[in-house]
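Student: I would like to go through this model with you and ask, term by term, what each label rests on.
Tutor: Gladly; let us look at it together and set each value against its definition.

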Amino acid sequence: MDLPITALAPMQDVTSLGFMQVIASYGSPDYWFTEYFRVYADSRLEGEILRSITENTTGKPIFAQMIGESIPDLIRTAKELAKYAIAGIDLNLGCPAPRVYRKNVGGGLLRDPARVGQILAALRSEIPGKFSVKMRLGFDHTESFLRILELINLYQVDLVSLHGRTVKGGYHSEVRYDLIAIAVNNLNCPVLANGNITSAAVARSVLNHTQAAGVMIGRSAIRNPWIFRQMGSEPGAEIRLGDVYEYIARLVAQVCPKQLQGRSKVNYLKKYLNFIGQSVDPQGQFLRQMRLAQTELELWRVCDRFLAQQADQLYSLEPYAGLVARPSCEVS
């Protein structure tokens, strides 16, 4: 039996080269997707995002994601990106951040199917290789969902990553796996199911329900970087709190920007710890004490108390009920 396709979701301010390398050390997905390259008049490829392509030594293919609505500039950027060793070009039609969709890009474009069609047509005619789309079910309703699927077929998109919520649904509304199943039945290309896939067990359930070709996982890979390995070669792998302590140390060494110091560094690390903490203890004591930490020393004391000193305790594969992450980043 073939294993499902797995992909790490593109997460702005998260899926850097360093984060991909950390994830790869625990088990790579089949595909990476970059943070989005912002596309507008006079835009240039951001060097830091480009590093996740040019310096990526994980051995797995990577899609370069773009976000924008100016067709000439999207074409220009796609051609620039095609000069690099990429698996394909990905168009962001799903970002739910208000500061993004208010500019009529990302998920904001789903309000205008006609414009989506124009962009897909233009890019498909100019992209000789793989062309993928990451999208949601709609902006604030799903009335245009089937029309968008028709456009995806019409313009021969090669892969669709579908988050089963609307843009306005954010990250807390019900995930409509039934609509992902409809997309699977209607599209001529593979579909990756995305949205609230919290563990390998949930991924298998979603795949069974939707019959999707695979899954795209974002926030749960921050919390559990072993998740792709658990979906493949080691489905029963147990994770212990000592392993999580080592994972945090890797994040500090490989992901945290070297120039960050003091409170800025602590706040940066909390972006990841907000997710990791959902599986440490059911009472949420780690989360509460971590959030109170003001210095790096205080933060490590919390990690020592809850992780290093209980190194043999199991880390939950699912988030504990009622524990909510509060990240200051755009995640999928």
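Predicted model: local features only at pLDDT ≥ 70, side-chain atom pairs only at ≥ 80, totals over all residues.

Student: Why is Asn104 called partly exposed?
Tutor: Partly exposed lies between the limits of under 20% for buried and over 50% for exposed, and Asn104 has a relative accessibility of 27%, so it counts as partly exposed. Asn104 also has a positive phi of about 60°, although it is not a glycine.

Student: Where does Asp42 lie, and why is Asp42 called exposed?
Tutor: Asp42 is in the loop between β3 (37-38) and α2 (47-54). Its relative accessible area is 64%, and because exposed means over 50%, Asp42 is exposed. The phi of Asp42 is near 70°, a positive value in a residue other than glycine.

Student: What makes Glu174 exposed, and which residues does Glu174 touch?
Tutor: Glu174 lies in the loop between β7 and α7, and its relative accessible area of 62% is set against the limit of over 50%, so Glu174 is exposed. Not counting residues up to four places away in sequence, Glu174 touches Gly164 and Arg165.

Student: What makes Ala78 buried, and what does Ala78 touch?
Tutor: Ala78 is found in helix α3 (residues 71-81), and its relative accessibility of 4% is under 20%, so Ala78 counts as buried. Beyond residues up to four places away in sequence, Ala78 touches Met66, Ile89, Leu123 and Ile127.

Student: Why is Leu50 called buried?
Tutor: The relative accessible area of Leu50 is 12%, and because the limit is under 20%, Leu50 is buried. Leu50 lies in helix α2, where it touches Phe37, Leu45, Leu81 and Tyr84, again not counting residues up to four places away in sequence. Leu50 and Ser16 are 34 residues apart in sequence and 9.4 Å apart in space, C-alpha to C-alpha.

Student: Which residues of α7 are buried, and what covers them?
Tutor: In helix α7 (residues 177-186), the residues Tyr177, Leu179, Ile180, Ala181, Ala183 and Val184 are buried. Their cover includes α6 (145-154), β7 (159-163), β8 (191-194) and α8 (200-210).

Student: How many residues has the largest nonpolar core, and what gives the most to it?
Tutor: The largest nonpolar core has 104 residues, and Phe19 and Leu123 are those with the most contacts inside it. To this core α12 gives the most, with seven residues. Among the contacts of Phe19, leaving aside its neighbours within four places in sequence, are Leu8, Ala221, Tyr247, Leu251 and Tyr272. There is also a second, separate core of seven residues, which includes Ala7, Ala9, Leu159 and Leu192.

Student: What is the angle at which α11 and α12 pack, and which residues make the contact?
Tutor: Helix α11 (residues 241-254) and helix α12 (residues 262-276) pack at an angle of about 145°, their axes being 11 Å apart. The contact is made by Val244, Tyr247, Ile248, Leu251 and Val252 of α11, together with Lys265, Leu269, Tyr272, Leu273 and Ile276 of α12. By class, that contact has nine nonpolar residues, no polar residues and one charged residue.

Student: How many disulfides are there, and are Cys95 and Cys189 buried or exposed?
Tutor: A disulfide would need a pair of cysteine sulfur atoms within 2.5 Å, and by this rule the count comes to zero. Cys95 has a relative accessible area of 7% and is buried, and Cys189, at 10% relative accessibility, also counts as buried, because both values are under 20%.

Terms used. Residues numbered from 1 in each chain as written. Heavy atoms only, no water. Buried < 20%, exposed > 50% of the residue type's maximum accessible area, 1.4 Å probe, protein only. Axes fitted to C-alpha atoms, helices over the stretch in contact; angles between N-to-C directions. Helix = DSSP H or I, 4+ residues; strand = E, 2+ residues; numbered from the N terminus. Contact = heavy atoms within 4.5 Å. Nonpolar A, V, L, I, M, F, W, Y, C, P; charged D, E, K, R; others polar. Core = buried A, V, L, I, M, F, W, Y, C linked by side-chain atoms within 4.5 Å.
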